[in-house]
Structures are given as C-alpha cells and as structure tokens.
Amino acid sequence: MTPQDLISRALENNLGLEVSRLDAAIKEDNLRGEWGRFAPSIGVEIGTDRLFKQLNAQDLSSSSAFNPLDPEYNHENYYARGKLGGRLPFGSTYELSGGSGRLESTYTRRASAYYDPEYTSNVKLTVTQPLLRNFGLKVNLAPIRLAKAELEVARFETRSAIETVVARVLLATYETHFSIRNLEVKQESIDLAKALLEENKKRVEAGRMSPINVTQAEARVAEAEAELIEATAFFKQRQNQLQELTQENYVLNAADYVLADVEGALPNVPGRVDHDALASVMLEKNPDYLAAMKAAENEGIRVVYSKNQRYPEINLLMSVGTSGLNDDWRGSVSDFENREDVDWSVGLAFNMALDNRAAKSRHLASKKREQQALLKVKQSEVQLLGALDNAIYQLEAGIKRRDLIEQSVELAREALKAEERRLENGKATNYEVLNQQRELSVSRTQGLAAEVEVQKAWIQLLLLQGELSEVLGYDFSFAEKGEAE
C-alpha cells in the first residue's frame, strides 16, 4: 500500500475525524435553523362557541332588546380565522390576518336586527417596527452571522483534525518503512557476525587463532540477534499504529501492511527555507490560527448585539384593515366596498427596565470575552511562530545530521573492510573486527533514523503551514451549500 492508500483509509475510518465531521454537520444544521427565523408562518383557527348567561339588572335596564320575562342572553358563533406573519431582517414583525364568522344570538333575533343570523368578515395588516432595541440588520442578523462563523470554526477545526491525521499517517508510514529497512540492516549484521564466526572456527581449527575468538564471535552473533528482536518489536509497534490510524475496528494479530512508494510520497525537502515567507503562508493557511481568528470575530458580533440590548424598547405600531357585515358570507365580503374608509391605527410603545444591570453586565462580559478571544489569537500566533521556528531548525539540523551520519556509515563500512583485511593478515584482533561490525550496524540504524527525523520535521513544517494536504494533492475544502437557505 502506498502512503496515499493509507491516508485514504484513515480519512474514511478514523473515528476522531468522524466526530469532527459530525460537529461541522451540526453547525450546518444550526445555520439553516437560524435562517428559519425569517421564514413566514401561517396559522388557521376554526371553531364554535356557545354562550348562555343570566342578565343582571343593569343589562335589563340598559336595553329594550331583552324580555324581562326571559332574562337570559345566548349566542352561537361559528368562526374561521387565518393569519400569515413573520419577521424581517430590520426587526419588523408583520401579520396579515383575516376571518369570517356566523353569529346567531339574542340580539339578531330581535325585530330591529338587520340580519339574522349575522355573517361578518374582516382583514387586517399589523406591523411592529422596533426603533431602538432590536433595530437594524446587524442586530437581527447576529444569530445567523454567529451560526455561520461557528460553522466556519468547526470547518477549520475539522480541517485541522484531517491535516493532523494525514501527518500522523505519513509519519507512521515513514517509521514503518524505516523499521523494515532497519530489519534488513540487523539481518545483515547477523550475517556478518555469523560469517566472522565461521571464519574464526576455521582459523582455530588451523591453529591460527585461539578458541576465545570463537566465543567472542558467538557473543556478537547473539548480540546482533538481540538487536534484530528489538528492531522486530519496533516494526510491530509501527504496524499496530498504522492499523489504529487506518482501521475502524482493531484486529489482533492482523496481517502486516506491505508498503510501496514511501520515499516519493512528499516533495523533496528544499535546500533552503525562507523564514518570513513560511511565516506569512502559515498565518494565511493554518486552520488552527484561522479558527482562532474566526472565534474572535464571533465575540465581536456578540458585542454589537449585547450593546443594542442595553437600549429601551421603542416600537412603532401600525395597522390597517376593514370589515363587512351581511346575512351571508359572500355578502359580508362584498360589504368591504361599502366602507367609506379603512380602519387604521398608529402609535408608539415604550418599555424600559428600571434596573438595567442585566443587559449592561452581559455587554461588559461580551467585551471581555472579545478581548479574551483576541488575546488567544495573539497567543496562537506566538505559539505557531515558535513552533515554526523549531520546525525549521529541526529540519535544517536534521539535514546536516543526516549528511554527517551518511558519511559515518561509509567510513564505518570502509573501516570494517580494513579491519577484516588486517585480521586476515594477523595485524588486527578479533575484538577490533567485532567492534567495527557493531559500529557499522549502529551507524546504519542511526542513518535511517536521521532520515526519518528529516521527514518528520518536513511533515511538521508543512502541517504548520496548512499545506500538507495540498502538496499531497488532496482538496479538503468544504462545499458552500445551504448557508443562504
């Protein structure tokens, strides 16, 4: 499997990433829900009511419509009402209502009544416009802007989680690749030690060497085999780490991954890096920094909203409508035309808390949270720049260390050959050859480890810049959908 195959598996199966994706999906649902506050609503009411009541002395004396011998009022009213209302981004609320009813009562049954039963219809538009508190786009769109910003924060956090998983998979892949090559080094070290052991046995049989040299060579073989066991344990640990990162369910004693094209997974490490240019890119693309910036923007929105909530309520109230009356429903609607004018009203409503400490305290708290968020942005910037500086230093130092160790490996290999020739000519001891074998094995392992450290620093540098997925050819941008619904 290539590193890209392992990354794809990790992105599909990693449980932590699924949690982050769900968080972003929840924020998308919240945003759509906030837009719903401006969706109109419709209501319908249908019913009937019947009333029977005993009239008191005042009722009887105030109207000639009542029969003193039957001092009871009653009515049957059948009605249907409907309304359409909602809220506008400036804070206005509106309601368009209409209704009809059929009324039969003690009043309609008297001789002087025009209609029995009475059919009434009416239509009315009511608008309430805040003039101070809850006025304006900034205040009324604040929940939507907050939901959108929280969605962007969640997306940045998800992007950060994805980049981190990609980095962990890449690093585990490089370490696994190192462990495989290190197994080869340790096996070659065993082969060298066994070859020397066989040569020493022949020399002892020929009387050219003392038996102690065979014992020393056997000890070296055992030491090399112990190194192989340790390298095998490291290999299994890295294989288990790869399985943990790439599988949804962990399988005990699973088959080992067979890796391919590991060394070409990332572009070559640059020979020279520009600190200022890398810092500029990092502050433009690092998802953690962008999330901190967006969180600070959120608090700024809350400050604007809480500031508005300190003001008293002054609302402009307006309504306009008309009504009709007849002995059937169609006639009551047609009666609208008989009105010389429409019904209307206009006024102001004022409401203010005598003790406004709650709103003032919330505003002061929101300003402190904004200041806190800005400090976190600065803290994030300082930490990221420090981490960038460390990553650059580790990369440059790792390259130098890798080059030096490569030279030491070549020198150790040449030294071993020289010691073997000297041993063959009787000018060196068995102990010196064994030591040189050990030095070569250690140097080769250090060389492999140094290469991994270079790649680790390179991965960390790309991760800090927010460009790791980009250089690997992945596009983890989120589709901008559903935000204006």
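Here is a walk through this chain, from its overall form down to single residues.

What you have on screen is a predicted model, so read every value below as computed from predicted coordinates. The secondary structure of the chain comes to 12 helices and 6 strands. How does the radius of gyration sit against the globule rule? For 485 residues the rule gives 23 Å, while the chain has 42 Å, well over that figure, so the chain is more spread out than a compact globule. The spans of the C-alpha trace along its principal axes are about 150 × 45 × 40 Å. Buried residues account for 39% of the 485 in the chain. And if you take the contacts with a separation of 6 or more, 79% of them are between residues 24 or more positions apart.

Let's look at how some of the helices pack. Two packed helices are described by the angle between their axes and the distance between the axes. Start with helix 1, which covers residues 3–13, and helix 6. Their axes come within 7 Å and cross at roughly 50°. Angles under 35 degrees count as roughly parallel and those from 65 to 115 as roughly perpendicular, and helix 1 and helix 6 are therefore oblique to each other. Which residues meet here? From helix 1 you have Leu6, Arg9, Ala10 and Asn13, and from helix 6 there are Leu242, Leu245 and Thr246. Sorted by class, that contact has 4 nonpolar, 2 polar and 1 charged residues.

Now jump to helix 7 (residues 275–285) and helix 11 (residues 430–465). This pair packs at an angle of about 55°, and the axes are 7 Å apart. Helix 7 and helix 11 are therefore oblique to each other, too. On the helix 7 side the contact is made by Leu278, Val281, Met282 and Lys285, and on the helix 11 side by Leu461, Leu464 and Gln465. Here the residues of the contact divide into 5 nonpolar, 1 polar and 1 charged.

Back in helix 6, which runs over residues 212–246, find arginine 220. Is this arginine buried or exposed? Its relative accessible area is 1%, so arginine 220 is buried. The side chain of arginine 220 makes a polar contact with the side chain of serine 189, at 2.8 Å. Not counting residues up to four places away in sequence, arginine 220 touches Ser189, Ala193, Glu227, Leu434, Gln437, Arg438 and Ser441.

Asparagine 74 sits in strand 2, residues 72–87. With a relative accessible area of 16%, asparagine 74 is under the 20% cut-off and so counts as buried. Beyond its neighbours within four places in sequence, asparagine 74 is in contact with Leu51, Phe52, Glu104, Ser105, Thr106 and Arg109.

Leucine 325 belongs to strand 5, residues 313–326. At 30% relative accessibility, leucine 325 is partly exposed. Again leaving aside neighbours within four places, the contacts of leucine 325 are Tyr115, Glu118, Tyr119, Thr120, Ser332 and Asp335. Also have a look at asparagine 122: leucine 325 is 203 residues away from asparagine 122 in sequence, yet their C-alpha atoms are 9.0 Å apart in space.

Most residues other than glycine have a negative phi, and most peptide bonds are trans. Where does a cis bond turn up? One joins aspartate 116 and proline 117, with omega at about 0°. Proline 117 lies in the loop between strand 3 (93–105) and strand 4 (118–130).

Then there is asparagine 134, which is not a glycine but has a positive phi of about 70°. You'll find asparagine 134 in the loop between strand 4 and helix 4 (137–140), and its relative accessible area of 24% makes it partly exposed. Aspartate 261 also has a positive phi, near 55°. Aspartate 261 is in the loop between helix 6 and helix 7, and with a relative accessible area of 59% this residue is exposed.

Key:
Residues numbered from 1 in each chain as written. Predicted model: local features only at pLDDT ≥ 70, side-chain atom pairs only at ≥ 80, totals over all residues. Heavy atoms only, no water. Axes fitted to C-alpha atoms, helices over the stretch in contact; angles between N-to-C directions. Helix = DSSP H or I, 4+ residues; strand = E, 2+ residues; numbered from the N terminus. Parallel < 35°, antiparallel > 145°, perpendicular 65-115°, else oblique. Contact = heavy atoms within 4.5 Å. Nonpolar A, V, L, I, M, F, W, Y, C, P; charged D, E, K, R; others polar. Buried < 20%, exposed > 50% of the residue type's maximum accessible area, 1.4 Å probe, protein only. Polar contact = N/O pair within 3.5 Å; in protein donor to acceptor, adjacent residues only side chain to side chain. Rg over C-alpha atoms; globule rule 2.2 N^0.38 Å.
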